[in-house]
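Here are my notes on the fold, as numbered points. Please read them with the model open.

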Amino acid sequence: MCSSDLSQLAGDLWEDVRRNGRALPGAEDILAALALGTHGQPVIQSLLTGNLPELARVKLSALELTEHLDFTIGAYGDISAVRADLVQVAQAKAAARHGGDFGGRYTVLVGDTPSDVEAALANDASVVAVASGSFSAAELMTAGAHVVLPDLANTPVALAAILSAPTAAAAA
């Protein structure tokens with residue numbers, strides 16, 4: 001696909017998402033709360049998706065959800081079709097850009113599919129699943145999620161779940 005085709009696709013996608021898409025209730029609030037972090041330390045947030053990076057940014061931009069995300073450390077479908085591979089890529093990018101340890105349970109993946117749960121577990125990452133899509137809370141729990149939320153609407157509950165997800169030290 002040439003860049004002009006991608007630009008046209010991105011423009012069409014932005015319009016479609018802007019017109020027909022919706023952010024989950026609480027999504028913007030939880031991203032903002034995580035950006036404030038804890039003890040003066042913001043939580044570094046990015047994206048892990050099977051989408052191409054350009055299209056992922058367009059979708060989230062149309063929903064006004066990009067402000068607190070570091071897209072440079074994200075992992076996208078142009079790297080691998082295997083979601084578990086993307087976790088390792090994002091962890092390595094985060095460590096290179098921000099320093100520190102993002103391996104294992106120092107990464108918290110928030111997702112809404114059993115594939116998201118499996119990708120996190122394959123990398124010993126923590127996983128908070130949100131039963132807001134096609135999969136029920138029971139299905140996400142059966143897949144192995146550490147925490148399952150019905151949605152993100154209750155910001156204090158969602159924030160507590162993400163910030164208290166099991167860490168490497170707690171899991172040992």
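1. Helices (H or I, at least four residues) and strands (E, at least two) are DSSP runs, numbered from the N terminus. This is a predicted model: local features need pLDDT of at least 70, side-chain atom pairs count only at pLDDT 80 or more, and totals for chains, interfaces and linings use all residues. Residues are numbered from 1 along each chain as its sequence is written, and side-chain values use heavy atoms, with hydrogens and water left out.

2. Helix α5 covers residues 114-122. Its buried residues (under 20% relative accessible area, 1.4 Å probe, protein chains only) are Pro 114, Asp 116, Val 117, Ala 119 and Ala 120. They pack against α4 (83-98), β1, β2 and α6 (137-143). Contact means heavy atoms within 4.5 Å.

3. The open sheet has 3 strands, ordered β1-β2-β3, with parallel pairing; a pair needs at least two DSSP bridges. β1 (108-111) and β3 (147-149) are the edges, each with a single partner strand, so one side of each lacks a neighbour in the sheet.

4. β2 (residues 126-130) and β3 pair over 3 bridges. Val 130 has Leu 149 as its bridge partner in β3.

Notes: Buried < 20%, exposed > 50% of the residue type's maximum accessible area, 1.4 Å probe, protein only.
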